[in-house]
Amino acid sequence: MSDATVPTGSTPHPPTVGFVSLGCPKALTDSELILTQLSAQGYQTSKTFQGADLVIVNTCGFIDDAVKESLDTIGEALAENGRVIVTGCLGAKTGADGSNMVRSMHPKVLAVTGPHATQEVMDAVHAHLPKPHDPFVDLVPNAFGIAGIKLTPRHYAYLKISEGCNHRCTFCIIPSMRGDLVSRPVGDVLSEARALLEGGVKELLVISQDTSAYGVDVKYRTGFWDGKPVKTRMLELVQALGELAQPFGAWVRLHYVYPYPSVDDILPLMASGAILPYLDVPLQHSHPDVLRRMKRPASGEKNLERIQQWRAACPELVIRSTFIAGFPGETEAEFQHLLDFVEAAEIDRAGCFAYSPVDGAAANALPGMLPAALREERRIRFMEVAERVSAQRLQRRVGAVMQVLVDSAPGLGKKGGVGRSYADAPEIDGIVRLLPPEKISKTLKVGEFTRARIVSAQGHDLLAQPI
Ligand code: SF4
């Protein structure tokens, strides 16, 4: 019998999953994948049954001894803990009467899956032990009203590089809750990235409150990874992530990048394909006076010029951003500046929230609070413009061949599927609807890439023919 655990995040009292891994190296890989997902989603894992909130037993069903050892282990886990999920080869075995062997021997188990069933196991874990936190939603100021976003990482994973924030945007209370920026050691981040990639993750989503500021708190000190010095700085981190992901054919996507001049250095990595040419830049507004009232990071930067330079350096670049309409004191002229900016900057994906005051936010004390109806009216006007810009950008893709990461493909895609291109971050952007492959031999598999020819653009989404 072998145990496998991975250390998990820093939530004060995260739910704990006891984990036992039995069997061959393939079963061990399944265990690593499940443990990676547990870790990425904030669960603590332990080698013991006692004190755990539930137990997962990854079983072996190969020879009689292994079957006995698996059944005995399930029995022990039930006796000592009581809440048990069974996965692995034995989970797929039926007895002489055709019934599931594990269920007939141990009817009290919470769930049983076969091998290679990470998502089914995670679904069972979620049903019996809710997710401790949603890494993306945790990073989004709730005041923007998008706390309802649900993410279920499968073949993609969030890689949190820092916690907290040194800024004091007047509409945001995150720094008062989470404190100043604390960057994770670069070696830890890269080790986690490697574990995720080795566990089958095909898309790493780099998240933080302020990705461009990575390492500021430690003065960009030089850390170590794989015996080599690496600076605690966005450029070096992203470079290393690109190198790590390359042999796995995996994507690296950057979120929460503020438009500092240092971001310019990342663009060649995007142009060369080392990381995805995608930037999630939460701009919130364009007018310098509004940005100053918001106390936004990089508010003094010439964002339109910067974006245009980025596009010149990397024509494939896709930019997603969020904006606030109706910030206190916003004049019609300032709002119009924002509308003009979205058109000129050709923001590919934009979200917009009507300003809403958050308890404890400094912006509440600003003069010129606009009536709620006007804030909402501006939000609607913004979205009309942003959606038109977005649709024009999408239309340009028709006829192109794109790499698509498959998110869903019932029946191996015989009736089509759903995926995403580099231009679509999970849950927040559009999707690529995949038609059934024309070639009979071609299948679509969740978590694998397929090439597809874009046949049309529909709203925020694309329709494509796998080739
Ligand atoms: S950058 Fe501004 S909005 Fe973002 S977490 Fe920091 S204070 Fe809040």
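Select L254 first: leaving aside its neighbours within four places in sequence, L254 is in contact (heavy atoms within 4.5 Å) with V206, V238, I266, M270, I275, Y278, L279 and D280. Before you click on, note that this is a predicted model, where local features need pLDDT of at least 70, side-chain atom pairs count only at pLDDT 80 or more, and totals for chains, interfaces and linings use all residues. Residues are numbered from 1 along each chain as its sequence is written, and side-chain values use heavy atoms, with hydrogens and water left out.

**The cores**

Which residues have the most contacts inside the largest nonpolar core? They are L254, F323, I347 and F382, in a core of 58 residues. Now colour helix 7 (residues 234–245): eight residues of this core come from there, the largest share. A second, separate core has 21 residues, including L276, Y278, L434 and I454. A nonpolar core here is a set of buried Ala, Val, Leu, Ile, Met, Phe, Trp, Tyr and Cys residues joined through side-chain atoms within 4.5 Å. Buried means under 20% relative accessible area, exposed over 50%, and partly exposed in between (1.4 Å probe, protein chains only). In soluble globular proteins, nonpolar side chains tend to be buried together.

**R311**

Next, select R311, in helix 10 (residues 303–313). Is R311 buried or exposed? R311 counts as buried because its relative accessible area is 13%. Its side chain reaches the backbone oxygen of L317 at 2.8 Å. Show the residues around R311 too: not counting those up to four places away in sequence, it touches L317, I319, A345, E346, I347, D348 and R393.

**Zoom out**

With the whole protein in view, you have twelve helices and 20 strands; these are DSSP runs (helices H or I, at least four residues; strands E, at least two), numbered from the N terminus. Of the 467 residues, 55% are buried. Among contacts between residues at least 6 apart in sequence, 72% join residues at least 24 apart.

**Colour by confidence**

Switch to pLDDT, the predictor's confidence in each residue, from 0 to 100. The protein averages 87, and 90% of the residues score at least 70. Strand 12 (residues 251–254) has the highest confidence at 98, while helix 1 (residues 25–40) has the lowest, at a mean of 69. Finally, select residues 1–11, where pLDDT stays under 50 and the model has 29 contacts beyond four places in sequence. Residues 135–153 are also below 50, with 53 contacts in the model beyond near neighbours in sequence. Where pLDDT is low, the predicted coordinates should not be read in detail.

Definitions and conventions
A polar contact is a pair of N or O atoms within 3.5 Å; within protein, one must be able to donate a hydrogen and the other to accept it, and residues adjacent in sequence count only if both atoms are side-chain atoms.
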